[in-house]
Each structure stands twice: as structure tokens, then as C-alpha cells.
Amino acid sequence: MFMSPLPETRVIDGTTVELLIKGEGQPLLFLHAGHGFDLDDPLVEALSKSYRVIAPSHPGFGASELPRHITGTDDLVYFYLDLIEELDLRDLIVVGVSFGGWLAAELATRGTGRIAKLVLIDAVGVKFSGRETRDITDIFATTLEEIPTLFFHDDAKAMQILGGLDFKNMSLASVTRFARNRESLLLFGWSPTLYNPKLLSRLHRVHVPVLVLWGADDKVVSTEYGKKYAAAFEHGSFAQIPEAGHYGYLEQPEAFAGKITEFLAADALVAA
Amino acid sequence: MEFWHFSEQSMHPAWDSIQGPTKVLVDNRFCDPEVAHKLYNRYLDEWVIADKLGYNIFVNEHHASANCMSASCLLTLAIMARQTKNARLLCLGVPITNRTDPYRVAEELAMIDVISGGRLEIGLVKASPFELAMSNQSPARIMDRYWEAHDFVVKALTHKGLPFSWEGEFYQYRNVNVWPRPMQQPMPPMWITASGASTGRKVAQLGYTMATFFNGAGTKPLYDAYKDEYFKTHGKPASIDRFAYLAIVVCGRNDAEVQERLKKVKPYLEVQPRTPKAWSNPPGYESVELNAGALKSGKTGRINFGLPLNPTQQDMADGGILFSGTPDQLYDQISRFSDRCGGIGHMLCLSQAGYLSHEETVDTMTLFAEQVAPRLREYARQKNMELIQAAE
């Protein structure tokens, strides 16, 4: 998820970002998770068989620039509004994972004129519980060694996906991507920790069908959280995939892609 | 050379009971308020005694720590402003990246300067990475925030006249009007801590006193960078009073006494670094380049104060961590270390560490003040002349 750079670049409002554009058909904007995104993403690979996937690294992630004025998730949302207009994307499917799911939800609250459907995978971004109950694990208070267990269902599979976290034997470019992604995630998600206190009260503005898809063994945000998230939308539905953690889309990409394709194939509002 | 008595105001009676981290996550039931009451007052007494012995006073702060109960260096200094007569009063420092309100910092600093009759010295620091867990301030862009807070405090303290407004990236104020203004004009002396050359150069440009803590072999390149940059910026050599160094100082009349005290002090070296791993370097606290380099090399910082395993008394002195001995030995150790660094002008003496009792602390301070300090003052005077001559 952080090893290799993306093949294309675009300049959006003066910010150069790297991106992957793959497949044919209805456009699908893929918004990656906090640890980043790279060329080998298996979910994007699976989705690109049916859709034209546009998958950038967010500003500050991978090789995408971070201009000084981009310091919060709202800046990223405005960046993506510009990107959607710049690439003239219409009837757009937006799929976001974890931190990218938060961005996808925020983006949809700004207006769904160009958006057809929304898919949130193990998304963060909303606060449901009271002030003394944390909904989202404080991932900033954890060590690198905890990543496999915290973010995945299967430690061994996780270590394969993460290159064994063997930074010594990775290229400096890959390690730099990893370190940069961590810093940018912290910039955007430090406090309130990975949520926007106002987002919940804005979700009613999303008038398109929303699939909230969850790893059944998510230890960062629970399936209960996912169900509440789905219920907060006008046309939200919830589904979960077994043997999958917070980054379950990397552990079970075919199962995730299957659910997404099924949701996208259904008639507009019947799916909800 | 000036001497500054320093103590971390530790909750050492609890150390034996604490397993694992001694800060951030440590259960606060280990901090018994009754014990803390006695300890705080003991440490404050030691600073009052330091004043009488000719030391200056240096205080710090940490949070959620069994090694340092000083939750605000300015609270401690406020007490010292009233209870001492001659000592310079140094906060090193106020962690301005953790304070949400630098206006209030400026007001408190000015108040201490005025109450003390103009004895305040101001250190503004980035703060340790683990402090961000408690302050909740972001590690990302921490240095941008540091410099804006610094610039604000300087302007707030030096501004004369009607109120001004500040609309920065991190701080916004509609009406800045510090009452009282500091007694020292244009403002009290400034200090910054540094460990690497790039920060050292920035401090040199500002001309502030630069302090470095337990930096050992890293000190010479740091001081050299400062000297180089200072000369370039100010067109004259930096005098020795720009350079401060912190280490533990233990003094005794004879070897038996020194060894007895060393045994009590050494646990500090084991307890102090016990930081929860997740908080030792949160993303953003250091640059991406530095973090990537550290991941790739597998080196995550200096372990064991950069000392060898089971360090000898000599190792600890040579490493600039712990100077210990009779007055003669201490003079030799400190002057030799200072020579190797290129000249120390302020010795920041951690005179109470570990389990050292009040009586032992006062005794080590007294021996040092009476039998070591006068000789080191003369040494530094000579050294300063050498440095200035060599530079010119």
C-alpha cells in the first residue's frame, strides 16, 4: 500500500498529484486509506475490470504534493471537488476506504450532483458516542509493530501485504512514502481523532444510495459503528465481509469487489 | 562560567513500584499527594539554598511523569521570584508548541520578571515528543507553530504603546496588550535548546544562549555550527556565555562518599528514558527524511544516553552525562569536557537526581559551589579570551 509510485500525474489547481487511471466504463473515484495507496492495490485491480477507476494519492500522500494551504480534511474535499470538475467526471461512483471513506462522506455532503453512488469501506469520520467513549481507536498512540494485528484480521497475511514491515530492505523511496503517509494522516486526523464533529449532522444531504461495507473483524472501528454510519444516510445499507479487518479490502479484495459490484449493478434506489 | 541548580522534582519514592513506562501511561495512583507535598517543598528549599550558594536557578516541566512533577515551570519560577534574592531565574523551558495560548505565556513571563526585579531568563522549547499526548497539540507542523508562538511572545513582550492585533496561521488575537511589561528592557535574555546543527544555526542567528542536554559527542559539532553562524550573522565571535550544557553533577569529599551518592543517583539514568514506544517519536515531530532514514537504518534514537553498557564513572564523565568525584576530580572532568566541546559558559547542574536525599543534595551543591565553581569561573574566563583571540 505504500511501495510503488503511481504512473500518471495531474495538476489540479496548482497541486501536482500522482494517480492511477485504469479500466473502462462508468467513472469510479477511489479514495485511499491513511497508510496510502500504490500500484498493486488488489481492490482497485478488481474494480478496474468493470469501471474506469481514477485513483489518486491524496495531497501529502505518496508522491502527491502538499501545498502549505492544505492542512485539513476540508482542504482535501475542495481539492477533490476541483478534481471532479477538472476531469469532468459525471455519474460518478465514489469509493473510499478508512480515512478515504471519511473524505468520500464529506465530499458527498457538499452536493451529489455529479455523484451516482457512494461506497464507504471501514470508514472513519463520524462521532456517535458520548464524550468519554472513543468510537475510533487512537491509531496515533500505537507502534508500527501493532499495525498487523490492529489493522488486519490475519497477522501473517498482513505481514505479506506490508512487505514484512522490513524497512531496512525496502528502497528509500518506499520507506519515504510510508513515513510521509504517516505524517500526512496525522496532519489531517490528529484531533478530533479521525472525525469531524459536524459530519453526522450533514450526512442527510447525501441523497444517493450508499453502501457501507465493513470488515467483520475491524479493530479500529467496529461493525456497530459501521451500522450506525449506514443508518445515518437517507439511502444507506450495511454489509460485512468475514475474515477481514480494518484493511480487510486488502485481505479479501475479491469479496469486497463482489459486494461493491452487486451494489453498483442494482437499480439506483432499490439497492438502498 | 555560570552555574544553574536544576532538579526535575521527581516522584522517586514511587520508582520501585512502577513497572514499564514512567511517563504518559503511568498510573497516577503512584503519585501520592502527601508524598508530593513534602517533595515539592523539599525541592523548593533546595533552590532557595542554591540562591544563597551563588547558583542561578533553572526549572523545567514535564507532564504525567514520575521523573518530573513540575507541571508548569512558570509556577515554580513564580515561587522563586518571591523566595530568592540574587539568582537569575531560567525556565527551560516553556513548551510553547504545547501551550494553546502564547499570550498568557507572555503575561506570566512578564509578571515573573517584574516580581523578581528583572531576574528572568526565558527559554522557549519545542517540548519532548511524548508531551504531545497530554497537550493534544499536533506533532505535524510543530516547528511552524513553534516559530509563530516564539515571534508572538517576543513581540508581545517588547511592544510598547497601544494594543496590537495578531492574525497568524496558528494564533489569532484581536487585542494584545501585556500588563506589566517586563522589567528588563527591551526584554529578558532568551535561551533555546538544540541538539543538531541546523537548530544551532538558527539559534546563532538570533544570538540567543544555546543550551544542550546530555549531548556528549554531539556537542562539539553543535557549538561549532553556532560559532560559524554567529560570526557570519553578527560579524564577531560568539562569547562563551552563549553556550550552556546540562549534565548530572555529584560531589563528595572522598571516593567512598562519591560512590555512595553515585549509587543513589544512577537509577535516574534507567528511569528517565522509560517512554512508551508509541510516544517516543510521533509522525510529524521529526522530518519525513529523518524518519525515513531512521526506519531504514533501524536506529530509533540514542539508547542509554549514548553510554556503553555498564558505564564506568569515567565513561559517564567523558560522555558528558554525569560528572562525579571530589572537587578536584570534578574540576578536571568538567574543564576537560568543556575543552572538548569548545567552551561551556553555563553549567546546568542536575544536582538532585535519583534517590539523593535533601542533606546529600545540599552537601554536594555546597561542595561544588565552594570548591569547584570558583576555579571553573576562572577557567571559563581564560577560555573565553582564547576563543575570542582564536576567532579574530
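Contact here means heavy atoms within 4.5 Å, and helices (H or I, at least four residues) and strands (E, at least two) are DSSP runs numbered from the N terminus. The model is predicted, so to speak of local features a pLDDT of at least 70 is needed, side-chain atom pairs count only at pLDDT 80 or more, and totals for chains, interfaces and linings use all residues. Residues are numbered from 1 along each chain as its sequence is written, chains are lettered from A and ligands numbered from 1 in the order in which they are written, and side-chain values use heavy atoms, with hydrogens and water left out.

Two packed helices are described by the angle between their axes and the distance between the axes. Axes are lines fitted to C-alpha atoms, for helices over the stretch in contact, and angles run from 0 to 180 degrees between N-to-C directions. Helix α7 (residues 219-234) of chain B packs against α12(B) at an angle of about 55 degrees, with the axes 8 Å apart. The two helices α7(B) and α12(B) are therefore oblique to each other (angles under 35 degrees count as roughly parallel, over 145 as roughly antiparallel, 65 to 115 as roughly perpendicular and the rest as oblique). On the α7(B) side, B:Thr219, B:Lys220 and B:Tyr223 meet B:Phe337, B:Arg340 and B:Cys341 of α12(B). This contact of α7(B) with α12(B) has 3 nonpolar, 1 polar and 2 charged residues, where Ala, Val, Leu, Ile, Met, Phe, Trp, Tyr, Cys and Pro count as nonpolar, Asp, Glu, Lys and Arg as charged, and the others, Gly among them, as polar.

Helix α12 (residues 327-341) of chain B also packs with helix α13 (residues 358-391) of chain B, their axes coming within 10 Å and crossing at roughly 30 degrees. That angle makes α12(B) roughly parallel to α13(B). The crossing of α12(B) and α13(B) is right-handed (a crossing is left-handed if the near helix is turned anticlockwise from the far one by less than a right angle, and right-handed if clockwise). Residues of α12(B) in this contact include B:Leu330, B:Tyr331 and B:Ile334, while those of α13(B) include B:Phe368, B:Val372 and B:Leu376. By class, the residues of the contact of α12(B) with α13(B) divide into 8 nonpolar, 3 polar and 4 charged.

Another pair in chain B is helix α1 (residues 33-53) and helix α2 (residues 73-83), whose axes come within 11 Å and cross at roughly 45 degrees. This makes α1(B) oblique to α2(B), and their crossing is right-handed. Here B:Leu44, B:Trp47 and B:Val48 of α1(B) meet B:Thr76, B:Ile79, B:Met80 and B:Gln83 of α2(B). The contact of α1(B) with α2(B) has 5 nonpolar, 2 polar and no charged residues.

Attention now turns to the interface. The size of an interface is often given as the accessible area lost when the parts come together. Chain A and chain B bury about 2100 Å² between them, 63% of it on carbon and sulfur atoms (buried area is the accessible area, with a 1.4 Å probe, that two parts lose on being put together, summed over both). In chain A, the residues A:Arg68, A:Glu183 and A:Trp190 lose the most area to chain B, together 30% of what that side buries. The contact takes 27 residues from chain A and 24 residues from chain B.

Across the interface of chain A and chain B there are 3 salt bridges, a salt bridge being a side-chain nitrogen of Lys or Arg within 4 Å of a carboxyl oxygen of Asp or Glu. A:Arg68 forms a salt bridge with B:Glu169 (2.6 Å, N to O). A:Arg68 also forms a salt bridge with B:Asp144, the closest N and O atoms being 3.2 Å apart.
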